[in-house]
Amino acid sequence: MQLRFPRMPEQLTRADALILDYISNNTEGFLFSSIGQLARALGLSEATISRFVRHVGCSDFKDLKQVVMRQAAFDGPAGKIAATLNEGAEFTLSSWVARQQQNLQKTLEGLDEGEFAAAVRALLAARRVFIHAKSASASLGQLLFFRLRRLGIEVALLPSGGSEVLEGLAQVRADDLVVLFSFSKLSREGRILLQYQREIGYRTLSFSSRAFLPEGERADINLFVYRGEAKEYHSMAAPAALVDALVVALSQQMGAESAQRLGRLHAMKRAYAPDR
């Protein structure tokens, strides 16, 4: 990869040439490395790398990473993590948790509480709930499946793709609810779920990271959740919190019935649990 820097010295030292070669030919590795990790990988001191940073006209190591990041041609999951890592200072658990707090706050600001209440009512009224979640969203689908089943709600997971989606969808009736996760874009399977709804008449509930949804991509109920900017690593912390919020609100609406169902499940576990 041919990189351009704010300033390029006429002559490079051996160390400068080594660092430049590493950055050009191991761009992903460089963007994922701290200055200490890069120094150890090249057998140089951090002071030597700092001198290189100044030689090429960058203010500090973070600035150097930003210059390289803007020219990097890779994207996908690695690119998103790299962009997230290079936004600020060294990664720390506290800074990551603070970022999740921001995601939760932006979710709260963008979420229509009327839509949230409608989602609770739809889950309560449905004869059965069918969940479609693929790729990274599959974990959220499993979480919602587990929580609803514990409340005694009849729930099923639709296959993630292929013709099996149609086989599962053939079981859906007009008085059912179909839940889909379509954060950054509507999948091919998601389009099928929304199109088939027009024939059967079941209701749909969608989790999406997009504030605006075209008419053809809107479900009956649309819950906004913020997971980060487009080119950032997309965390599932806020979506998982929203799933749990739905379940807690649903439990409240069910009142004593939810307590009875959970109590019955607890009694069964005690009665039929294997000996320890």
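Select helices H3 and H4 to begin: Ile35, Gly36, Leu38 and Ala39 of H3 are in contact with Glu46, Ile49 and Ser50 of H4, where contact means heavy atoms within 4.5 Å. Helices (H or I, at least four residues) and strands (E, at least two) are DSSP runs, numbered from the N terminus. The model is predicted: local features need pLDDT of at least 70, side-chain atom pairs count only at pLDDT 80 or more, and totals for chains, interfaces and linings use all residues. Residues are numbered from 1 along each chain as its sequence is written, and side-chain values use heavy atoms, with hydrogens and water left out.

Remain with this pair of helices. H3 (residues 35–42) packs against H4 at an angle of about 105 degrees, and their axes are 9 Å apart. Axes are lines fitted to C-alpha atoms, for helices over the stretch in contact, and angles run from 0 to 180 degrees between N-to-C directions. H3 is therefore roughly perpendicular to H4, a term that covers 65 to 115 degrees.

Next, select arginine 51, which lies in helix H4 (residues 46–55).

Now turn to the open sheet of five strands, in the order E2-E1-E3-E4-E5 with parallel pairing. Two strands pair if DSSP finds at least two bridges between them. Strands E2 (155–157) and E5 (221–224) stand at the edges; each has a single partner strand, so one side of each lacks a neighbour in the sheet. From one strand to the next, the twist averages 20 degrees.

Within the sheet, select E3 (residues 177–181) and E4 (residues 203–208), which run parallel and are joined by five bridges. Leucine 180 has serine 206 in E4 as its bridge partner.

Finally, select helix H12 (residues 237–254). Its buried residues include Ala238, Leu242, Leu246 and Met254. Just after H12, glycine 255 takes a positive phi of about 60 degrees.

Notes. Buried means under 20% relative accessible area, exposed over 50%, partly exposed in between (1.4 Å probe, protein chains only). Angles under 35 degrees count as roughly parallel, over 145 as roughly antiparallel, 65 to 115 as roughly perpendicular and the rest as oblique.
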